[in-house]
Amino acid sequence: MDHPVSITVARYIVLLPLIGATINFLAGSWLQKTFGKRAISFVGCGVVVLAFILAVRTFFAMLAMAPENRFLLDDLWRWIDVGGLNLEVAFWLDPLSMVMTLIITGIGGLIHIYSTGYMHDDESYWRFFGWLNLFTFAMLVLVLGDNLWLMFVGWEGVGLCSFALIGFWYKVLANTTAGNKAFIVNRVGDWAFVIALYSLFMALGNVGHPTLVTREIAKYAPLLAGMPGYLGMTMVTFVTLLMFAGATGKSAQIPLYVWLPDAMAGPTPVSALIHAATMVTAGIYMVARLNFLFSMAPATMTVVAVVGGLTALFAATVGIAQNDIKKVLAYSTVSQLGYMFAAVGVGAYAAGVFHLMTHAFFKACLFLGSGSVIHAMGGEQDMRKMGALRHKMPITFITFLAATLAISGVPPFAGFMSKDEIIWQAFAHGHTVVWALLLIGAAITVFYMFRQVYMTFFGEFRGTHEQEHHLHESPPSMAYVLIVLGALSVVGGLVKIPDFIATYKPFEEFLEPVFASGPTRAVMEAGIHSHSLEAAFGFVTFTMVVLGWLAADFMYRQQTVDPERFSQAFGGVVYEWVLNKYYVDELYDFAVVRPYQASCRALAWIDANIIDGIVNLAAALTVLGAWLSGLFDAYIVDGLVNAASLVTLDVGGRLRRLQTGSINGYLYGILAAVMVILLVRAMLHA
Amino acid sequence: MGGGIGLNHFLLLSLIIFSLGMVCVLTRRNAIGILMGVELILNSANINYLAFAHYGGAKYDGQVFAIFVIMLAAAEAVIGLAVVLAIYQNFKTIDVDATETLSG
Amino acid sequence: MNHALTLITFIPIAGMVVVLALPQAMKDICKWIAAAATAVQLLIAIWLYRSFDTATTAIQFAEKHDWIPSYHITYFMGVDGISISMVLLTALICFISVFASFSITRAEKAYYALLLMLDAGMMGVFVSLDFFLFYIFWEVMLLPMYFLIGIWGGPRREYAAIKFFLYTLLGSVLILLAMLGLYYYGAQSTFDMTVLASNASHYSTTFQRIVWIALFIGFAIKIPAFPFHTWLPDAHVEAPTAISVILAGVLLKMGTYGILRVNFAILPEATHQLAWLFLGVIGTINIVYGAMCAMAQTDYKKLIAYSSISHMGYVMLGCASFTAAGINGAVLQMFNHGTVTAMLFILVGVIYDRAHHREIAGFGGLAQQMPLYAGMTGFAFFAGMGLPGMSAFISEVLVLIGAWQTHPLMTVFGAATAILTAGYLLWTYQRIYLGPFNEKYAGYADLTFREAFTLVPLAIIVLILGVYPHAVLGLLNTSLVHLNQIVLSTPGPAVALLH
């Protein structure tokens, strides 16, 4: 791991989708007009499929290597080199990012193909594929970035694409509001995340190794043990806690999950790709990637596990009461992400990543299946208006059912392998509370999923006559994708079979080198190792699954129990709360958004009236001073001058009488004056 | 004063002529009359110069001054008459009381 | 090219003379002369950029001649890592703004003459190393700006122009007094900034602090730092598009440039002691306050003006960090803000030229009518939000990663503002470009070729600096690290507050 093998294939995997996005954005409009939507499909799907082929080739190449050598580095160029912060644009392929790359390009490629059918009638077809390609690129940067800042580039990049795709149908204002909400809520998480990176960088700098390159952090992380951080925590706890806070934003956990249900405003393939299979798992990927740090912070691990468990149960309960086919799946996604966090939180990193993968299979299948239903229903998403669709849409029904069984954890479907493992690991690592939360959550999951299946595919059709007339199976591009994903939901979990059945776990072994650091090994190996106990707990879990299914079956298929009875319990208050998602949106609106907007308005008012008022007052005072000074000048300074002239005038006026104009008068005057002078002289001399 | 005519006689004559001139200047309304009065005053001064020159120790100083005064009087008469003519042209009279336009 | 800096400064003046000499009938040629002058300037700037030696802290391309020897005033020009990026930015923004001015149809001759004079003044500020010369250019730039706002501005242009002029003049007076203080109380009577910097320790601590604060207020008005910022929204709202571009793109940077060039280099000790309060705290207030005020604006252009205030706060915070990353980030942010905000103001101008109003609430759904325009605005908005992959991300991250090491609490607020920025920009974008189409705007033309020509180069620079920031950082690093070392070598603040 100190000397990663140098490769160049990663850059092509990453750049192919970017090339697709560039073509679609710059020339897509023209291509679509000139060559039709086929050209766009060709470019948009082609680049991702090609990337997938490269990824598979790389995967097999990696399998051929010794496990301890499976660290590949594709170094492109020096990105930032300032103040000890030396970052490369480089891609890091190890087993973990390999798995993610396969999921992103594989599931992503399938969803691209599905979209050619689903979005076929949209005029902005090129724009859709441009964003979808860009998303794939950003997601690949996220998982392949060799340093945390490059990871963050992808992290925010997928946020941008998510924003743009949620609000893809931007003519409806509500869609764009959902996009804004997603982006802003994610930024709240990112706030914590970047501060974690600042602290980590500084902490590593303090021990003489300023770096944010992931593999170097892994090397120097042990030096951070015991270093004090902020707010009374150790540095590692502080950093990991903030990173997890960032993950709650991106991966929709309590308390920042609120954006994900709204994000269903986007086209259904987007919900499948971004808001189920890939982007929302970024948080789990990040925790797994930085397992060496998280393992050093038991307090953070507990927080992760408990938040994961709480979210798993909480979101599942909200899922019970939703009537929108996609909203149910959205809350289900939040809930399943909770399972993954619970897994990594208790130290079962491999189990978390495993569930991430199987979830990508079955949740993509469920979303695309729901998309197929919505497509057939002409845009209708309310399950109360559906029913009996299994006859008209057999492929959709069968694949949807397979995925439902998978998410329910019915053996041997994919979800059983991963979810059962998580629930057991929670108990085995001593997190009994988390275990209980996950167990109840599992039962509820089965309930709301079968509720959905029964409401959508069984019973009587409850929509309009026109809708019924138009019902049809989806076109091949969509149907084949459903079949592939349905098949993956069935067999995709066979790469790791529970220990009490057989010792076959190539998936876990493949990932092992990633989780090789000392603290991680300690955390993973702690707890109970008993196959018989594991089998017993597996049975308990399965009992809960059956109970959940029975409840759904009674209420929504056989209809021997009226769900109304439950919704009216406790005077309907509980049902109201669940139906309205516990009023969390309203709470945020009331406690955060409105006060913030009000304080903004207040500040703007202060700015315009008080701060600028002071400036204007200063100006006004200057003008007043000038006016007063003008008065002084006009009446005092100039007044003195005028007074002098007035006095002169007055005296002159009086004196002018002497000027008679009569020569005789003057002469008499002269004579008199001479006489007086002579007289005075004479008197003086006398 | 050994009989005969002495300095005092001249001074007396001069005084009489000066007084006549002064009265003439002060009382006349006619500008020409005033000019004539001025001539009398000047000439009374001339008599004084000559008398003091004759009886005093100075040689020809008095005569020189007298000639100056005569020249000056001539010049004065010219300018004075010109002024009078100008006044006449403006006022159609040479009565000085009629020309009190400078009165304040 | 021994006189490259003289040339780059006075080329616009030559252009101005030609424009003024033209007969009134040939006024259409004025804009092409202005374009040619700024194009030559840009080429020289690129030449400077290519020949700049990034490995040294020395003054490069220096020119020094006696000017007024009896007062030791010299004609001293030169660039180092602090100013070279600003020279590049000035040349670029001026070139772009000439093309953004083509919509001006009144008294073009005078307009372009003043624009070129403004260009020369700004360029002169960035290349002068004699304090006196610096001050002259500082004042030279004021006058054309006053007329450009006061004659070609909006309805309240006179109010805005006078406010701008008087406010800046107030700052200039303080700078003048500080300059004279440095001259008369220095180890030797000189205006040479390099000499003043080498004699920094000669001044008494109290004197340093007083002069520092006077200089700070002078420069802070230009940045503009809270609470001296209120002239900016008014000036922007009234100024014509191209002038807003220059104002936000270049003029604001003169404030922070002055702080680095004068406060940091000449008064390092006072800087070390006072920066946490004046640059750190006020910078943080700028960041948060600007963003919150922007949120509440109803005028599109005023909103962008407040966002400028917010973004300039990062520059101040980065300077206050006294870390290599922070101070590099600060100067990079100056450059990046220049390009991004220029785009934003051009984009506001595009819709104002068509709709003749800027009330955000009056728009809606413009993306349907003007998709290119909406796309370009989206790009600029996300650039403004510091989206990774774009230039502003790098600079904000460097500022904050640096600031975290000295001022964690301020950094927390600075980083939180990324949320607020996303809030007001996305909300604005939604209200103007998304949602149902307002039929009032049917028939509006999308971006014209000329408008696209002003925007695309900036967009390309934003992208390039996002993935290869070294293109600018390489210029800065050596000089800024050196400057930072000088400041750090002085005694620090007695009380380490807010740590």
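L475(C) has its place in helix α20 (residues 470-488) of chain C; helices here are DSSP runs of H or I with at least four residues, strands are E runs of at least two, and both are numbered from the N terminus. Before going further, some ground rules: this is a predicted model, where local features need pLDDT of at least 70, side-chain atom pairs count only at pLDDT 80 or more, and totals for chains, interfaces and linings use all residues. Residues are numbered from 1 along each chain as its sequence is written, chains are lettered from A and ligands numbered from 1 in the order in which they are written, and side-chain values use heavy atoms, leaving out hydrogens and water.

Back to that leucine. L475(C) counts as buried because its relative accessibility is 4% (buried is under 20% relative accessible area, exposed over 50%, partly exposed in between, with a 1.4 Å probe and protein chains only). Setting aside neighbours within four places in sequence, L475(C) is in contact with Y49(C), F52(C), T54(C), G81(C) and I84(C), where contact means heavy atoms within 4.5 Å. From L475(C) to L387(C) it's 88 residues in sequence and 23 Å in space, C-alpha to C-alpha.

Now for the rings. Phe, Tyr and Trp rings (the six-membered one for Trp) pair if their centres lie within 6.5 Å, with planes under 30 degrees apart counting as stacked, over 60 as edge-to-face and the rest as tilted. By this rule there are 76 aromatic pairs over all chains. Take W435(A) and F537(A): their ring centres are 5.2 Å apart and their planes are at 75 degrees, so this pair is edge-to-face. W435(A) lies in helix α19 (residues 432-457) of chain A and F537(A) in helix α24 (residues 531-557) of chain A, so the pair ties together parts 102 residues apart in sequence. Both W435(A) and F537(A) are buried. There's also a cluster in which ring pairs link W149(A), F152(A), W155(A), F193(A), Y198(A) and F393(C).

Charges sit over rings too (NZ of Lys or CZ of Arg within 6 Å of the ring centre and within 35 degrees of the ring normal):

| Charged residue | Ring | Distance to ring centre |
|---|---|---|
| K64(C) | F76(C) | 4.6 Å |
| R431(C) | W427(C) | 3.6 Å |

On to the interfaces. Between chain A and chain C, about 4500 Å² is buried, with carbon and sulfur atoms giving 74%; buried area is the accessible area (1.4 Å probe) that two parts lose on being put together, summed over both. V82(A), R187(A) and Y198(A) supply 15% of the area chain A buries against chain C, more than any other three residues. This contact takes 47 residues from chain A and 59 residues from chain C.

How many salt bridges cross the interface of chain A and chain C? The rule finds one, a salt bridge being a side-chain nitrogen of Lys or Arg within 4 Å of a carboxyl oxygen of Asp or Glu. D612(A) and K163(C) meet in a salt bridge through their side chains, at 2.5 Å, N to O. On the chain A side touching chain C, α6(A) gives the most, with 15 residues.

Then there's chain B, with 13 residues in contact with ten residues of chain A. The area buried between chain B and chain A is about 940 Å², and carbon and sulfur atoms give 61% of it.
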